[in-house]
Structures are given as C-alpha cells and as structure tokens.
Amino acid sequence: MATDWTDFQAAEPGFAETVRTRFQQHKHHVLATVRRDGSPRTSGTEVEFRFGGMWLGMMPDSRKALDLRRDPRFAVMANPGPDTSMGGGDVRVGGRAVEVTDPEVKVRFTEKVEVPPGPFHLFRADLTEVVRTFVDGEELVVQVWRPGAPLRTLRRANDDSPPREDPRP
C-alpha cells in the first residue's frame, strides 16, 4: 500500500513537517534504487516538495531513472549534514516512484527554478514508509509511519532493557 505526500501530511501533519524540514536543510540526498540484477544502487539526488507532493527529478536516461522505470521501489535518505549533530535526526522515506510524463506538469514543475533544465525524468514519490531516528537524552528514538497506520514511536535505552513503544495520544 502506498500513498502520496498529501495523504501523509493529512494523517500526520507534525511528523510530515519535521520530515520535509529535514530534507530541506540540504540540497543533495542519497537515493537507493534496485538494479536489474536485484542489487542496490545508491545515487545522489535532489528532493523537491511542490504541489502537495514529494518529487524526484533526474537527468535523462540516468541509471537511477532507468532503475525506477523498471522497478519503482526506492528509499531516499536525507543528507545527514556536515558533522555528527544531524539536526532533526536521520530521516528516510521509502516507496514507489511514479514517473510523470505530462508535458504541462513538467513545465509547471520547472517554473520555480532559476535555470530551466533540459530534458529530464520526473517522478512523484508515493510513500510506503517514513522513518525518523534521533537521540533524546540517553534514548534512541525511532518514529515510523506507514499508510493506513498511526505513527509509532519506539524508544530504546543505552542498556539491555527491551525497546518500548510510546502510548498513542
């Protein structure tokens, strides 16, 4: 089951804002795709938030674009930044990339850029999972959202105690 950014934002507005802000801290991020032989490929990419969606744009016939055309599964991790602070935590989005070929949508997408690109592939991200990992005091906190389910928050201490889940509000 996958959903678009608008549905994610409606389901978990605060978490969606945290994730979007984290991606917008840096321009370049790491995209994982599936190669023809089934092995993973990681590539640099940019993530854009426009028209209520999360978008991935790529050069024509780039390996990552060809990977997504063949197998739309992806994961993209926000750039952790220049040091170990990772302000806002580690953020990763997984899902399926839907290629958009409508010329009007592509023109509209490029209207807000300073230098209009040449030919390019445009993919809308349909989400299957959004994860944020961060440190809160002495605990590792993992927030996980999947379509159709509430946001889960798991906490793990720096000892042998089992992880615990925060109660849902």
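I started with strand β7 (residues 139–145): five of its seven residues are buried, so the rest of the structure largely encloses it. Buried here means under 20% relative accessible area, exposed over 50%, and partly exposed in between (1.4 Å probe, protein chains only). Strands are DSSP runs of E with at least two residues, helices are runs of H or I with at least four, and both are numbered from the N terminus.

Housekeeping: this is a predicted model, where local features need pLDDT of at least 70, side-chain atom pairs count only at pLDDT 80 or more, and totals for chains, interfaces and linings use all residues. Residues are numbered from 1 along each chain as its sequence is written, and side-chain values use heavy atoms, with hydrogens and water left out.

Next I checked the neighbours of β7, taking strands as paired if DSSP finds at least two bridges between them. Strand β6 (residues 121–136) runs antiparallel to β7, with seven bridges joining them; I noted Thr133 with Val142 as its bridge partner. Their hairpin has two residues between the strands, and Gly137 in the turn has a positive phi of about 65 degrees. Strand β8 (residues 152–156) also pairs with β7 in the antiparallel sense, over five bridges, and Leu140 stands opposite Arg156 there. The β7–β8 hairpin has six residues between its strands, with Gly148 in the turn at a positive phi of about 80 degrees.

Then I moved to β2 and β3. Strand β2 (residues 40–50) is joined to strand β3 (residues 53–58) by four bridges, antiparallel, and Glu48 stands opposite Trp55. In this hairpin Phe51 takes a positive phi near 50 degrees.

Aromatics came after that. I paired rings of Phe, Tyr and Trp (its six-membered ring) with centres within 6.5 Å, calling planes under 30 degrees apart stacked, over 60 edge-to-face and the rest tilted. That rule gives eight aromatic pairs. Trp5 and Phe8 are edge-to-face, because their ring centres are 5.0 Å apart and their planes at 80 degrees. Both sit in helix α1 (residues 5–11), three residues apart, so about one helical turn separates them. Trp5 is buried at 3% relative accessibility, and Phe8 is buried at 0%. Phe51 and Trp55 are edge-to-face too, with centres 6.1 Å apart and planes at 85 degrees. Phe51 is partly exposed at 34%, whereas Trp55 is buried at 7%. I also found a cluster linked by ring pairs: Trp5, Phe8, Phe15, Phe23, Phe49 and Trp145.

Arg132 has its charged end over the ring of Phe134, 3.9 Å from the centre.

Key
A charge sits over a ring if NZ of Lys or CZ of Arg is within 6 Å of the ring centre and within 35 degrees of the ring normal.
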